[in-house]
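Subject: Handing over the structure, with notes

Dear colleague,

I am passing the structure below on to you, together with some notes on what was found in it. Please look through it first and then read on.

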Amino acid sequence: MEHKGTCLLETDRLYLGRFTMKDVHAVYENWAKDPYVTKFLSWPAHIDPELTRQILLEWIESYLKPDFYQWSILRKEALDDPVGTIGAVRIDEETGSISIGYCLGSAWWNQGIMTEALSAVIAFFFKEVHANRIDACHDTENPASGKVMQKCHMTYEGTLRQRGKNNRGIVDLAVYSILSKEYAAL
């Protein structure tokens with residue numbers, strides 16, 4: 001793979017870019033503190049903005065690494081108000097595989113925002129980084145996340161029983177993927 005780091009990506013309605021320290025308040029308010037948003041995630045809701053600040057600082061320092069990918073999701077009509085995040089949670093150089101994770105504030109659910117963001121990230125990883133495989137998984141009790149993957153032409157591979165742990169406990173994970181040759185055929 002040819003890593004390029006967290007580059008600015010643009011879609012019809014969104015900019016996907018790097019977080020800055022100015023984003024702490026918005027990240028905390030828009031999704032990080034919300035237990036409804038984090039219900040199906042592996043990290044707990046933030047109890048105060050200081051934790052959000054520490055995580056953003058870590059991400060910003062990691063932007064120096066060419067194989068670090070963590071995007072802020074910004075709507076073009078509100079460029080100072082990130083509504084979510086999407087990034088690579090695991091990279092396997094040997095197989096050319098990238099696993100993606102994402103999170104979106106509940107005020108922006110069911111608007112196609114995450115589908116648009118995931119589509120842009122998939123295109124970037126195949127066209128620019130030259131990944132072979134992109135995958136993602138979700139708690140089977142969160143089918144909305146799976147619908148995002150399906151809309152992005154990812155194929156359901158199966159369910160790994162009791163394979164994940166999130167804020168609900170030990171859960172079943174549905175796995176989706178798309179291969180470079182499948183993406184090229186679209």
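Throughout these notes, contact (or touching) means heavy atoms within 4.5 Å. This is a predicted model, in which local features need pLDDT of at least 70 and side-chain atom pairs count only at pLDDT 80 or more, while totals for chains, interfaces and linings use all residues. Residues are numbered from 1 along each chain as its sequence is written, and side-chain values use heavy atoms, with hydrogens and water left out.

The sheet comes first. Helices (H or I, at least four residues) and strands (E, at least two) are DSSP runs, numbered from the N terminus, and two strands pair if DSSP finds at least two bridges between them. On these terms eight strands form an open sheet with mixed pairing, in the order 1-2-3-4-5-6-8-7. Its edges are strand 1 (9–10) and strand 7 (155–166), each of which pairs on one side only. Strand 3 (residues 70–75) pairs with strand 4 (residues 84–92) in the antiparallel sense over four bridges, and there Q70 has G87 of strand 4 as its bridge partner. Strand 6 and strand 8 also run antiparallel and are joined by seven bridges, with R133 partnered by L179 in strand 8. Strand 7 and strand 8, again antiparallel, are joined by eight bridges; they form a hairpin with two residues between them, and G158 stands opposite V175 of strand 8.

Next, the interior. Buried means under 20% relative accessible area, exposed means over 50%, and partly exposed lies in between (1.4 Å probe, protein chains only). A nonpolar core is a set of buried Ala, Val, Leu, Ile, Met, Phe, Trp, Tyr and Cys residues joined through side-chain atoms within 4.5 Å. The largest such core has 35 residues, of which I100, L118 and F125 touch the most other members. At least two residues of this core come from each of strand 2, strand 3, strand 4, strand 5, helix 4, strand 6, helix 5 and strand 8, and helix 4 supplies the largest share, ten residues. Leaving aside residues up to four places away in sequence, F125 touches Y69, W71, A88, I98, I100, H130, A131 and I134. Apart from this core lies another, of twelve residues, including V24, L41, Y63 and F68.

Helix 5 (residues 143–151) lies across strand 5 (97–104), strand 6 (133–139) and strand 8 (169–179), and runs at about 160° to strand 6 (axes are lines fitted to C-alpha atoms, for helices over the stretch in contact, and angles run from 0 to 180 degrees between N-to-C directions). Its buried residues are S145, G146, V148 and M149. They cover an arc of only 150° around the axis, which puts them on the same side of helix 5, the arc being that of the directions from the helix axis to the C-beta atoms. These buried residues of helix 5 pack against strand 5, helix 4, strand 6 and strand 8.

Turning to charged pairs, a salt bridge is a side-chain nitrogen of Lys or Arg within 4 Å of a carboxyl oxygen of Asp or Glu, and a search of the whole structure finds ten of them. One joins the side chains of E116 and R13 at 2.7 Å, N to O. Because E116 lies in helix 4 (residues 113–127) and R13 in the loop between strand 1 and strand 2 (14–17), this pair ties together parts that are 103 residues apart in sequence. E116 is buried, at 16% relative accessible area, whereas R13 is partly exposed, at 34%. Another salt bridge links D81 with R75, their closest N and O atoms being 3.6 Å apart, and salt bridges that share partners join R75, E77 and D81 into one network.

Finally, some backbone angles. Most residues other than glycine have a negative phi, and most peptide bonds are trans. N110, however, has a positive phi near 60°; N110 sits in the loop between strand 5 and helix 4 and is exposed, at 78% relative accessibility. H130, in the loop between helix 4 and strand 6, has a positive phi near 65° and is partly exposed, at 42%. Helix 5 is followed by H153, whose phi is also positive, near 70°.

With best wishes
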